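Please work through each task before reading its solution.

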Amino acid sequence: MNKPELYPIPKQDVDLYSIPRSDHPALIVDNEQFVRAAFAESATQGFEGLFRLYYTPLCSHALRFVYRQEVAEDIVSEVFYQFWKNEGYTSIQHTYRSYLYAAVRHRAYNYLRDELTGSRVLLPLDAAMLTNAEESPQTIIEYDETVQRLEKVIHELPTQCQRVFLMSRFESRKNQEIANELNLSLKTVEAHISRALRQLRRVFFFNLLFGFIATQGMQAGACLFL
Amino acid sequence: METIINKTVLYAYFSGTVTPVQKKMIETWLAEADNQAQYYQWLHEWELTHLQTAPDWQPAFARTAARLNSPFGVIQPDEEPTRKNWFWRGGNAWLVAASLALLLGGWLFVDEIRYENVQTGFGETRALTLPDGSTLTLNANSSVRFDRFGFGTELPDFLSAIQPSRRVYLTGEADFRVRHLSNHLRFVVITPKGLNITVLGTEFTVLGRARKTQVALRSGKVELTLAQKSEQPPLTMQPGDVVILEPTGQFARRRISNPEAATAWKNHRFTFEKTSLGEIAALIEENYGLRVTIASPELAARTVSGSFPAYNADDMLKLMADLLQINYTRDSDRVLFTD
């Protein structure tokens, strides 16, 4: 690994970069094809490619659900780990990207729901998703709506409450630390955090109650308005 | 009927600014498996341009690989201070297990531990400060690697075997502002084609991609050597020089009036001087990860001059179409330019 080429470019591409370019229509291999080629070499190389391409954006995406840096990273690492250990990469039907994003969203969503509602719904095995990376359109939309509702709820919190909540959760600071830094009493900090969590719980309450009706009753609703 | 779901609509949807009717249409569109693949591709691209965090992939990769290789499923402890508490709280059993994992991990991942790696995605630029106080800005689809320990500083005695150095491995394009250190330690940039740029304290831009290796110097002084021709005397560049490494291994030097133009990408500007569409296509491919096809050699040879802003791939494509009065079609990551 001790090579200066950090971004391994397939060797034959070097010649293809010459001009005029019209002689060589497909110049840069699609990232996914590149990862496939790496998997043909070895699983380790394939996974190095997958981590390089997707780890950072996946963590950023998971964060939109869980709002906690370590949890987001753990979720993404766990998805990669399972994918590797169970050799899920050998039976990918669509793209690695679709699988990884679907799995991370699935886990992140369930993590937050379980955390906020206190319920422990058993996760359907990721293995079940391996052969079938397809999510129902309703589920995909529900995930995206959840992200947007969370954003909205946090955005609408009073400024101080929002600051305390993000320090506590996103930056994983201790309540006492936050109290000292913002010159608040510990009680106030705790009150801010529980207020924020209460608001967030309503997101899920709303989801569970109206999410179903909203998706199912959309057409009916539209008819009524017209 | 042609679908009215496109990237713009999906981006608006990810940002939460579509109408309920559009959302319903997206839901219908998602019923197709192929469209889901398209959806995740666009989500990925959107996420890359709206990153909320940028954790390093390499330690995570190393930990995951170590976890697979270890029969106990021991995870290599992280070097971040926030996680150290967790590490120490575990007690002695943990300490022993973790030391073993660290040894194993250290042996398997010498490079990951020794080097800090920073990479940018397509369409992303990033500024960073090196341990010696020098700064660099990475252009899109580029990476740098440098020593995590002892970069520009003396090491403790027991590590005296490691010579202090300031070596940066670059793939892609970056702009450097190098600090002169009191110990006169040389700063060296190494590109994939074996070009070594030795610096004392200066500002310059390096392009080291498969297509082209080029150095533009704004101020100060740098020396160029080739790893494969180390017996040759180094070429000393003057401010305002641009040197291109020819495929034959020769240096081609020319003067430019405006060396700042080479760093215009830092402000999302692109400066062209009779640059052919063919070259610009290569630029689009490197910076935005698109696959560009040009309909004819005549079209590829047409040139553009001037300085233009472009914040993303679509800006750039529109700009080319307007400037050259040509058409383009884009289908996800494929682009075709036609007369």
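Two exercises with worked solutions follow.

This is a predicted model, in which local features need pLDDT of at least 70 and side-chain atom pairs count only at pLDDT 80 or more, while totals for chains, interfaces and linings use all residues. Residues are numbered from 1 along each chain as its sequence is written, and chains are lettered from A and ligands numbered from 1 in the order in which they are written.

**Exercise 1.** Describe the open sheet formed by three strands of chain B and the helix that packs on it.

*Solution.* 
1. Strands are DSSP runs of E with at least two residues, and helices are runs of H or I with at least four, numbered from the N terminus. Two strands pair if DSSP finds at least two bridges between them.
2. The strand order in chain B is β15-β18-β17, with mixed pairing.
3. β15 (291-294) and β17 (327-331) of chain B each pair on one side only and are the edge strands.
4. Between β15(B) and β18(B) (residues 334-338), four bridges run in the parallel sense. There, B:Thr293 stands opposite B:Leu336 of β18(B).
5. Helix α8(B) (residues 277-288) touches β15 and β18 of chain B, where contact requires C-beta atoms, placed from the backbone, within 7 Å. The direction of α8(B) makes about 165° with that of β15(B); axes are lines fitted to C-alpha atoms, for helices over the stretch in contact, and angles run from 0 to 180 degrees between N-to-C directions.

**Exercise 2.** Determine which elements of chain B have the lowest and the highest mean pLDDT.

*Solution.* 
1. pLDDT is the predictor's confidence in each residue, from 0 to 100. Its mean over chain B is 79, and 83% of the residues reach 70 or more.

Methods:
Contact = placed C-beta atoms within 7 Å.
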